[in-house]
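Hi there,

Here's the structure I said I'd pass on. Have a look at it below, and then read on for what turned up.

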Amino acid sequence: MTLARLTAAVLALSAAAHADATLLNVSYDPTRELYQEIDAAFARQWLANTGEKVTIQQSHGGSGKQARAVIDGLEADVVTLALAYDIDALHDRAGLLPEDWQARLPQRSAPYTSTVVFVVRKGNAKGIRDWHDLIKPGVVVITPNPKTSGGARWNYLAAWGAAQLRTGNEDQARAFVAELFKHVPVLDSGARGATTTFAQRGIGDVLIAWENEAFLLAEELGKERFEIVTPASSILAEPPVALVDRFADKHGTRKLAEAYLEFLYTPQAQEIVARHGYRPRLEPAAAKHPGGFPKLTLFTIDEVFGGWRKAQKTHFDEGGVFDQLYTGAR
Amino acid sequence: MKAADAAVRRLTRRRGILPGFRLTFGFTVLYLSLVVLLPLGALVLRSTHLSWAQFAAAVSGPRALAAYRLSFFASLLGALINLVFGSVLAWVLTRYRFPGKALADALVDLPFALPTAVAGIALTAVYAENGFIGRYLVANGVHVAFAPAGVVVALTFVGLPFVVRTLQPVLLDLDPAMEEAAAVLGAGRLRVLARVIAPAMLPTLLTGFALSFARALGEYGSVVFISGNMPLKTEIVPLLIFTRLEQYDVGGATAIAVVMLAGSFALLLGIHAIGMVGRRRPARSQVVA
């Protein structure tokens, strides 16, 4: 009698648990607030369309660290990371998704973009306007360590690409980046650490940062203390998203996960994206960001570096160009 | 009588005087294996995927060598500072009574409890150019934050409780009557310190030093905030391991970890050996006397 009732109760509970679908989105650090809002909007829409309640769980951390957690068995249904290289690793190291994952969604699987800009102290005393101003004598530059921070790798490639486009010459780009890092006194391990060093510790004249982070910094720490300077040209940072096939199939959440990722491209999600300082893919949504987004020449990593795999190998792997800048080897 | 003696000897040989040896020894081996040896074994195993040439290349680059040097000397310096000032602290906390003593005693444990990242951020805030102490230091050309000195400061911070907490119980046990006896017999204060207190404390001092040193070698969280992480200048070994992992270079990361593990183990073993010799010496002098 009691046992039967207990069994019934357990069954009822597990049925209730099934009715609530859950999705795990493993993301990187600065997207915390962005996805909180997107998740809520998606859950509302999903409930309206299907009558099913959905809970989306978020995990945030450094992009590379998050990818490694998924490789080691953190069962993410979807990943939304800072660079394609980290999602490539899910394929290369563990076969969690197919190699052509980036072709499955529009715009190389990146529903929003950003770029790399400068934050200077109010008044811009050193007259920083563009990349070549960063290597003027006496200018101190803050950027995190490209070896430990995905965001910093975009910064480095932005500097290199801008110099290469301006001079048309790879050797000069290398010389520029080498000189640039001589102006960097501290290599914080992550982007937020670099922001703290610049804003709280008062070190440096310029912080190289993602545009969305720069907006956030100006907003939270005071527009009367900092200015954002947009260079003439910079990199188009494309933080990609992807379905993790193996775990989504294991959880039976493929449909839901696909709908979630497609939702990111809808006008509703694109407006949220713009409000949080990322550049939306849909032009009209951009107006949702106060002040809009300044125009500049944007180049992609594929155009200048031949894709992430190649850029990583040439520049950031052990003994690569970044190491050579410090060890003097060539 | 003789028969009884022999019986006792036989009994003790077979079983030992304390009961439960087999059970507790078995438990010790199992526990150490599960908690310590298993993960470390996995670490060594993973590094064996590399060929010798790859292993050697991974652990001997100029950045790795610079990092070993910094980690070793900064940890050594931190542990030495703690040895000197931690001893003074332990002495004061055990031998004197003063208002606020309980508070001071509790403060010693804080570096244990504080998340090391918090410690790192706090220390950086204090020693940075616009910090509370840093502004005076930098004005006089002394750079602590974002310099090797900052690494030493962070490692001193995390290692302090190890020296103090190791010394305290032994100091409490040290009978002041011995010092009084020495004084009555005509020994001056320095002589009491050198001939009575120091020999009794030597093994404990070594243990405290070893713990503080070992803790410093492995420290990551607090150092990365204050050191500035500049290649060849302020990169510590744990940061290098982290960097390799970020490149999905698990082999390279474990190779460096294995080198560090072997180094730490050899050092700890050496320090313990010195401690054992030190502990044996007073016993021998008694026999001679």
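Which element gives the most to the lining of the largest pocket? That's H7(A), with seven residues. Bear in mind that this is a predicted model.

Some background on that pocket: the largest pocket has a volume of about 810 Å³. It is lined by 40 residues, and the closest to its centre are Asp29(A), Ser189(A), Gly190(A), Ala191(A) and Arg192(A). Both chains show up among the elements that give two or more residues to this lining: chain A brings helix H3 (63–71), helix H5 (150–167), helix H7 (191–199) and strand E6 (206–210), while chain B brings helix H6 (116–127), helix H11 (223–227) and helix H12 (237–246). Sorted by class, you get 17 nonpolar, 16 polar and seven charged residues in the lining of the largest pocket.

H13(B) gives the most, with nine residues.

What classes of residue make up the lining of the second largest pocket? There are 15 nonpolar and three polar residues, and no charged ones. Domain 1 (1–48) and domain 2 (52–288) of chain B each supply at least three residues to that lining.

Cheers

Key. Residues are numbered from 1 along each chain as its sequence is written. Chains are lettered from A and ligands numbered from 1 in the order in which they are written. This is a predicted model: local features need pLDDT of at least 70, side-chain atom pairs count only at pLDDT 80 or more; totals for chains, interfaces and linings use all residues. Side-chain values use heavy atoms; hydrogens and water are left out. On a 1 Å grid over the protein atoms alone, a cavity is a set of points where a 1.4 Å probe fits but cannot get out, and a pocket is an open set with protein on both sides within 12 Å along at least five of seven lines; lining residues have an atom within 4 Å of a point. Grid points are joined across faces, edges and corners, and a volume is the space filled by probe spheres set on the points. Helices (H or I, at least four residues) and strands (E, at least two) are DSSP runs, numbered from the N terminus. Ala, Val, Leu, Ile, Met, Phe, Trp, Tyr, Cys and Pro count as nonpolar, Asp, Glu, Lys and Arg as charged, and the others, Gly among them, as polar. Domain bounds come from an automatic or database domain assignment.
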